[in-house]
Amino acid sequence: MSHNVHEEDVLGKAYDGRLMRRLLAYMRPYKFYVSLAILVLLLSSFAQLAGPYLTKLGIDNFIAQGNAGGLRTICVLYLLILMVDAIFQFCETYLVNWIGQKAMFDMRSQIFAHIQSLPIPYFDRNPVGRLVTRVTTDVSSLHQMLSSGAVAIFGDIFKLVGIVGVLLFLNWKLALVTFSVLPLLFYATFLFKRLVREIYRVIRLRIARINTFLQENVSGMSVVQLFRREATNFNKFDRLNAEHRDSYLQTILYYAMFFPVVRLISSLAVALIVWYGGGRVIQGALTFGGLVAFIQYADMFFRPIMDLSEKYNLMQSAMASSERIFKIMDEKSEPWAVNRLHPRPNCRGEIEFRNVWFAYKNDDFVLEDISFHVRPGEKVAFVGATGAGKTSLLSLLLRYYDTSRGEIFLDGVNIQEINPRDLRRYFGMVMQDIFIFDGSVARNIRLEDSEITDEQVRNAARDVHAEHFIEKLPQQYEHAVLERGKGLSVGQRQLLSFARALAHDPPILILDEATSSVDTETELLIQDALQRLMQNRTSLVVAHRLSTVQNSDRIIVLHKGRIREIGSHHELLARRGLYHQLYQLQYAQQERQQAMV
Amino acid sequence: MLLGCWFIVMTNLVALLAPWVLKHAIDDLKTEINNAVLLKYASLIVAVALVEGAFRFLMRKTMIGVSRHIEYDLRNDFFAHLQKMSQSFYREFKTGDLMARATNDLEAVRQVTGPAIMYSVNTLFSMVYFGVMIYIDAKLALLALLPFPLMALIVNRLAQRLNKAHREIQTQFAAITSKVQENLSGIRVVKAYVQDQGELRQFQKLNNQFIDLNLSMTKTRGLMMASMALLVGLGDVIVLWFGGGKVIAETLTLGELVAFFAYLGMLTWPMIALGWVINLFQQGAASMARLDLIFDLEPEINDGKNTDLSLENIRGDIEFKAVSFSYAENQVLKDINLTIKHGTTLALVGPTGSGKSTLINLIPRLLETQEGEVLLDGRPIAEIPLAVLRSSIGYVPQETFLFSDTIHANIKFGVESASLEQVEDAAEVSQVRADIHDFHKGFETMLGERGINLSGGQKQRTAIARAVISNPKILLLDDSLSAVDTYTEEAILKRLRDIMRERTSIIVSHRISTVKDADQIVFLEDGQIRESGTHHELLRKGGLYARLYEQQLLEEALESFDMTEEVEP
């Protein structure tokens, strides 16, 4: 089994000033609440320090003096402070989390909005899963740092400083004697944390291996059984399992050692206090109460030190996360050029490609020297074998990609000069892979455009014959579509996407026809819906249906990235060229089937 | 385990001594005392801590250690059990579900066997502190302990609520994740319809719900922590108030009061733990039930009392006698009668879902016949030891499954003793050897997540190599050449024919070219045999098979047309 780097979370520095400054910027809107949280934290730390001191007062001033009334006053005061502290603690917890949640909300929204604005080539390079992790898991680890890390660090330091201060105030000599165990405590804690951190990293790796192995074997169980590999695989599993157990036994060993050691150190402090402090009491330099308070304070030291070393972990992973997040935030968005086009109702839908070349990578051109002109309202079909460049051509029009050479004009304006958001509003698009969103049928038609009325949604669905199946759904238009349109047939999904395009009523339609076959009845519905969809608008269609090519005004035949033939269906057939051959291959059978229907 | 309990008892007994020493030290301070006595007390405190520490160390090491050993055993048992389960089990339980049981549920059970038991035993024995407190002053002890039951109750109640809130938060987090996933997968549509603002609003709505859930959990947690601090402090106040009064009244010494404080402090954690532990037990019980559900399922396909364990070899005559098979309500095979003589080839053709794979799966007993009988060499298939049966079969499943291991290890999957030469030979038969040698690391190339991805055709050919390396008596190819081009397919079939001369083969395919040379071709539709015969017989018959043949001829012609197409404009 090979060790792999990408399984491990690579951790670096626990603090990076540059990243920290950017992170703190997200706290800025909540400055007031942050200060409030710190104030409450301070107060609560003080309140917690008060307990042993009050005990001391009670013992020295009242118990020793035999003043029962005074003792009662002290007790009531103690109780009050406890209650106030409880309130402070609650407020602090809530406030800190509230700030953290708000800041994370802002950050998540910003990252999400930013990722959405990135150009399509970015999505070609980066798998979706990785981007999802940025918005979700990475932000969560930042939240952890903000809510239980950053603010709590202040609290721990306050507490430590407070204890040191009170002890020095009570008796500075005894305080110094007591502090002599502190370096030991610090050392033990940080050593322990380091050991444990390392072993936990190994454990995460090993449990991941167990789970990967298990997952793989469960998925391929029939193969395992057929090839009678049960024994061998069991041994493998056993080995992984044992490795995991042994790492854990090691952590148990560390923990089992650590806790007694800490107790030993604090006992050492108590012993020192008894020995040295006891001597002082005899000499009258220290009161009984002071001695008791000392013992109680010494016990309180341990918590904040333990917490501080814990925070180190949090900070490390938060820094790693913010590094990854800011890397995305620094990616350039799509170009938002100036809008130079007339408002939409006047868009005529005239398109011109002028000597357009395009390559996804380097000089690997998928489109070479493409020039054509589409008049407003014209229906143009693009045909060609797979890989001829049809889909790429349409992607350029929407500015998913920019041309390598040459220009594209919409109503005579170079699309480079149009803000992509505005540009895309002129197009209705139906892709080959129909994308169905989670949510109701109505939402899938309307999307987030609240200007489209329910009436328009229904009309659009009726016009493209989607109404039949929608009305058969349990909740009709409000029916929630399952993930990615599961439960809808291929044909139904197509009709739904037609309704979506129609409802948005774009001046220009871009259609990449799906090749998947549907039953004859649905096929007829789709063909009719397509005609309605293309009515009264400029349409550019990558065609797989005979009916679509037959009904288009012009056909552009692409082959290996170049335009080979342009003309109407009959003209091109008569020419007996490339189109004729493609027709034989792709459409002739459809014609025969149509004849049969 | 018992040893662990003993360590717990010892830890607590020794821990008991520490405040006692302190009490004596302080009480002695009241009277005359010198530095030597103080030093004695100081070293006693350290000595007690040392001995206690040693026991505490042993306690944790044994008790928590045990739980890791139990976890290990349980996980091994779970895996071993899964290996025995048949395909119908895997139809019912999805991988994700089984993984959840093997991870989350297993951990919950471990928590019970380790920490939960340790802390509850610890809490039980920490009652000795209480005993000592009663010994010092019974009334004060009872008063001081008043807040404790409340503490355990609050921890238990709120911990339950926290658990529930935590689950809700996880669900909401999953919803956010899938929203982002959906949006980014459909980014082209989102951009085309300029929906980014609306999508952002939706995303923010989910996030706002997420915040609400989180803050409500924060409230519960804050409440729990604050009330804990209050209750712990309350105990101190009670001791100070009443104990202090008693010291004034001289019915209690100052040393005893200090010891009281110390014992109270020592009881705090076990009490808090009690509430938490109850919760662990509840979760652990639920999880164990989920694990037991799997453990209680008997593997249905196994050697039984009719199995003839003396059998070591088979010849390879297969017969289906009136076999029917259903998944739940859905009948997949109806009254199948078939005889396949050893050394002959049967080809199965027919539309998707006609029952071809199910039929094939009955032979290695991946599925069990429900009606009728499958006979091998004339005897019911259940009489043949499963190990003998499966080692006589080379099977290439429809969906190629290769493991994240080297190609070498994948090919010799069924025959571990196979030499490199045998592996190469098998790869040669399946025409994948040259491909593999083209890889940088050859046969040692890693596959899967941590290695390279083979193409569909390469995967299928590797799976064929894996099946033929053991020289099986029966070879089952379930549409295993679909991703291989026709030319390579022809080469593979030719090599297979050579080595399969004495063996029985069953080939499922959609391609006529694959099946046309078979001794017997069966056309399945809706789980029934519609036609059977040789290629020529079936063509002559002019039925379903003949129509399939015509269609494919047409497609081939069009394909070759496409290849010659090269026209200048």
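What follows is a set of questions and answers on this structure.

Author: Ground rules: this is a predicted model, where local features need pLDDT of at least 70, side-chain atom pairs count only at pLDDT 80 or more, and totals for chains, interfaces and linings use all residues. Residues are numbered from 1 along each chain as its sequence is written, chains are lettered from A and ligands numbered from 1 in the order in which they are written, and side-chain values use heavy atoms, with hydrogens and water left out.

Reader: How many disulfides does the structure hold over all chains?

Author: A disulfide here is a pair of cysteine sulfur atoms within 2.5 Å. Counted over all chains, the number is zero.

Reader: Is A:C75 buried or exposed?

Author: Buried means under 20% relative accessible area, exposed over 50%, and partly exposed in between (1.4 Å probe, protein chains only). A:C91 has 34% relative accessibility, so A:C91 counts as partly exposed. A:C75 sits at 0%, so the call for A:C75 is buried.

Reader: What separation is there between the centres of domain 2 and domain 3 of chain A?

Author: The bounds come from an automatic or database domain assignment. For chain A that gives domain 1 (1-171 + 314-334), domain 2 (172-285) and domain 3 (351-426 + 535-597). Taken over C-alpha atoms, the centres of domain 2 and domain 3 of chain A are separated by 66 Å.

Reader: Which residue of β4(A) is the bridge partner of A:F353?

Author: Helices (H or I, at least four residues) and strands (E, at least two) are DSSP runs numbered from the N terminus, and two strands pair if DSSP finds at least two bridges between them. Strand β1 (residues 351-359) of chain A pairs antiparallel with β2 (residues 365-374) of chain A over six bridges, and there A:F353 has A:F372 as its partner. β1(A) is also joined by five bridges to β4 (residues 405-410) of chain A, again antiparallel. In β4(A), the partner of A:F353 is A:I408.

Reader: Which residue in the turn between β1(A) and β2(A) has a positive phi?

Author: β1(A) and β2(A) make a hairpin, with five residues between them. The turn residue with a phi of about 45° is A:N362.

Reader: What is the bridge partner of A:G428 in β9(A)?

Author: Strand β6 (residues 427-430) of chain A points A:F427 and A:M429 one way and A:G428 and A:V430 the other, and all are buried. β6(A) runs parallel to β9 (residues 508-512) of chain A, with four bridges between them. The β9(A) residue paired with A:G428 is A:L509.

Reader: Over in chain B, which strands stand at the edges of the open sheet?

Author: Four strands make up that sheet, in the order β2-β1-β4-β5 (chain B), with antiparallel pairing. Each edge strand has a single partner strand, so one side of each is left without a neighbour in the sheet; the two are β2 and β5 (379-380) of chain B.

Reader: And which residue of β5(B) stands opposite B:L375?

Author: β4 (residues 371-376) of chain B and β5(B) pair antiparallel over two bridges. Opposite B:L375 you find B:P380.

Reader: How many residues lining the second largest cavity are charged?

Author: Ala, Val, Leu, Ile, Met, Phe, Trp, Tyr, Cys and Pro count as nonpolar, Asp, Glu, Lys and Arg as charged, and the others, Gly among them, as polar. The second largest cavity holds about 70 Å³, and its lining includes A:F301 and A:F302. By class there are eight nonpolar and two polar residues, and the charged count is none: no charged residues.

Reader: Which element gives the most to the lining of the second largest pocket?

Author: That pocket has about 1,100 Å³ of space. Its lining has 38 residues, with B:Q87, B:R91, B:N361, B:Q398 and B:E399 nearest the centre. The top contributor, with four residues, is α11(B).

Note on methods
On a 1 Å grid over the protein atoms alone, a cavity is a set of points where a 1.4 Å probe fits but cannot get out, and a pocket is an open set with protein on both sides within 12 Å along at least five of seven lines; lining residues have an atom within 4 Å of a point. Grid points are joined across faces, edges and corners, and a volume is the space filled by probe spheres set on the points.
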